[in-house]
Amino acid sequence: MTGLEMLTACSYGLGVLFIVLNDGKLAQIAQFQSRSTGKEVATQLHLVNFAALAQALTMDFFSCDDAESLPEILQKAQEICQQGRPVLLSVTTDYSISSFFTRAVIKSNFARLEWNDRWRMTGRLIKRKILQ
């Protein structure tokens with residue numbers, strides 16, 4: 001979460017593959033906020049130059065922008081990791097479809113509510129959808 005684990009892997013020569021699902025925001029949180037409240041708050045991230053970060057840490061770096069090239073990149077990264085070198089992989093990700101995690105969190109939290117709160121939240125959701 002902070003990048004210091006990558007520094008540790010570099011320092012000790014650990015063949016660890018770090019994968020960043022790069023979508024430019026905190027997508028899981030954004031999805032949950034959007035689905036439950038209709039808005040996203042404080043989820044946008046600044047652009048991070050992951051190639052420069054990897055270079056600063058003396059790590060190998062790969063970037064993947066399409067699903068077709070991912071298997072080949074993962075193979076190369078695995079070979080490097082087997083040599084005891086850490087690798088940073090940035091994978092461009094699109095969370096336009098709600099993830100399993102988001103759907104599960106909403107479902108489990110909704111089930112814990114009292115019935116009057118369930119009706120109130122359902123009414124708000126319907127109202128939001130109608131007004132959009």
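**R118 and its setting in the predicted fold**

R118 touches F110, A111, R112 and L113, leaving aside residues up to four places away in sequence (contact means heavy atoms within 4.5 Å). The model is predicted, with local features needing pLDDT of at least 70 and side-chain atom pairs counted only at pLDDT 80 or more, while totals for chains, interfaces and linings use all residues. Residues are numbered from 1 along each chain as its sequence is written, and side-chain values use heavy atoms, without hydrogens or water.

R118 sits in helix α6, residues 115-131. The residue is buried (under 20% relative accessible area, 1.4 Å probe, protein chains only), yet R118 has no salt bridge (a side-chain nitrogen of Lys or Arg within 4 Å of a carboxyl oxygen of Asp or Glu). Its nearest side chain of opposite charge, E114, is 7.9 Å away.

From the N terminus on, their order is α-β-α-α-β-α-β-α-α. The radius of gyration is 20 Å, well over the 14 Å that the globule rule gives for 132 residues, so the protein is more spread out than a compact globule (taken over C-alpha atoms; the rule is 2.2 Å times the number of residues to the power 0.38). Along its principal axes, the C-alpha trace spans about 60 × 25 × 25 Å. Buried residues account for 23% of the 132. Of the contacts between residues at least 6 apart in sequence, 68% join residues at least 24 apart.

Methods. Helices (H or I, at least four residues) and strands (E, at least two) are DSSP runs, numbered from the N terminus. Buried means under 20% relative accessible area, exposed over 50%, partly exposed in between (1.4 Å probe, protein chains only). Lys and Arg count as positive and Asp and Glu as negative; His and the chain ends are not counted.
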